[in-house]
Amino acid sequence: MTSAPDQGFGTKAIHAGQSPDPTTGAIMTPVYMTSTYVQAAPGQTKGYDYSRSHNPTRTALEQNLAALEGGRFGLGFASGMAAIHCVLNLLRSGDHVIAGNDLYGGTYRILKTLYEKFGVATTFVDMTDHAQVAAAFQPNTKLVMLETPTNPLLRCFDLAAIAALAKQRGALTMADNTFATPYLQTPLAHGWDIVIHSSTKYLGGHSDVVGGALVCNDPALHKDLAHFQNSCGGTPGPMDCFLVLRGTKTLHVRMDRHCQSALAVARWLERHPKVERVHYPWLPSHPNHAVAKKQMRAGGGMVSVELKASVAEAMAVCSSFRVFSLAESLGGVESLVDHPASMTHASIPAATRRASGLQDGLIRLSVGIEDEADLVGDLEQALARLP
């Protein structure tokens, strides 16, 4: 069976890009563990010549992700950062980027420590302030990039409005959709040019693979991106593609559970006397709640918490969980806790973090699919350790 554009998300997740193996009838896409392919004559191939350029397992994944995002073209990468690097390769010395000021530390790092020395300048702005975004444009602005919801403050930006601003000024747009996943929102439908994912997270969903992906609609843009994908070589192996493809089959089911439990956790935390603030888009108290409701299906599986505690006390709480595991990354079936200032966002200077609203005492929860009562119970015992 193959998917069709009018089919539901779950049907596409299971079938898009995949057909039973023509040789054996195997329902699962084979893992093509090959580096090269035999040619009938010089230059006469069956569509594959070398696995850095193309691999049948990767082709299935790329088509699957494109279908889920509502796009025409998908490209797979060895990591989310490899996917972002591929997009940044479109830039030239002298170009200017507008980026959200609440970004994953690795994205900030590549802009500041790599592309800045190549002559690509970046202005980091609060994307909730459209006047600030508009004022940041320069004659040489070539790219607008953001995450929504952001990592780790879970800010949500009006995708359609920002895409319109960029289009008026001829700039390319790239949205990191890792936290929301295509199940919750599709930036291409709001006018964005490129969607980026760390497929390590919810797309893979089982904390057993590192990968990245991008999806776009424009054939010329896809051609340029595919050129850099092949030239720079940051492509995933076939087993990695198989694991992500296995993950997308249950994405819709897992995300429903992630969202349900995260909302319950966020509501419980908001009532707790030792909690200063809860960041979760589906709470009415969230400053971008209306935007989130407009463009997302649900609030996602991530919750960030500011405690009424010192930095040392917040870090001690991170080490006292029994169900939540202290680890970087997110989006797996197991619940994780992270202290961004010392872990995922440590590469961002402290003053810059604080200026964007990321306080040193904030902790980030990736709410898994364990029993809801056990998650709340674990939070209760951990917070009970605070004075």
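Start by selecting Lys167, which is partly exposed at a relative accessible area of 48%; partly exposed is the range between buried (under 20% relative accessible area) and exposed (over 50%), taken with a 1.4 Å probe on protein chains only. This is a predicted model, in which local features need pLDDT of at least 70, side-chain atom pairs count only at pLDDT 80 or more, and totals for chains, interfaces and linings use all residues. Residues are numbered from 1 along each chain as its sequence is written, and side-chain values use heavy atoms, with hydrogens and water left out.

Lys167 sits in helix H6 (residues 159-168), while Asp193 is 26 residues away in the loop between helix H7 (181-184) and strand E6 (194-198). A salt bridge here is a side-chain nitrogen of Lys or Arg within 4 Å of a carboxyl oxygen of Asp or Glu; helices (H or I, at least four residues) and strands (E, at least two) are DSSP runs, numbered from the N terminus. Asp193 is partly exposed, at 22% relative accessibility.

Now select Glu306 and Arg277, a salt bridge with closest N and O atoms 3.8 Å apart. Glu306 belongs to strand E9 (residues 302-307) and Arg277 to strand E8 (residues 275-279), so the pair ties together parts 29 residues apart in sequence. Glu306 is buried at 11% relative accessibility, whereas Arg277 is partly exposed at 46%.

Finish with Asp338 and Arg364, whose side chains meet in a salt bridge (3.6 Å, N to O). Both residues are buried. The structure holds seven salt bridges.
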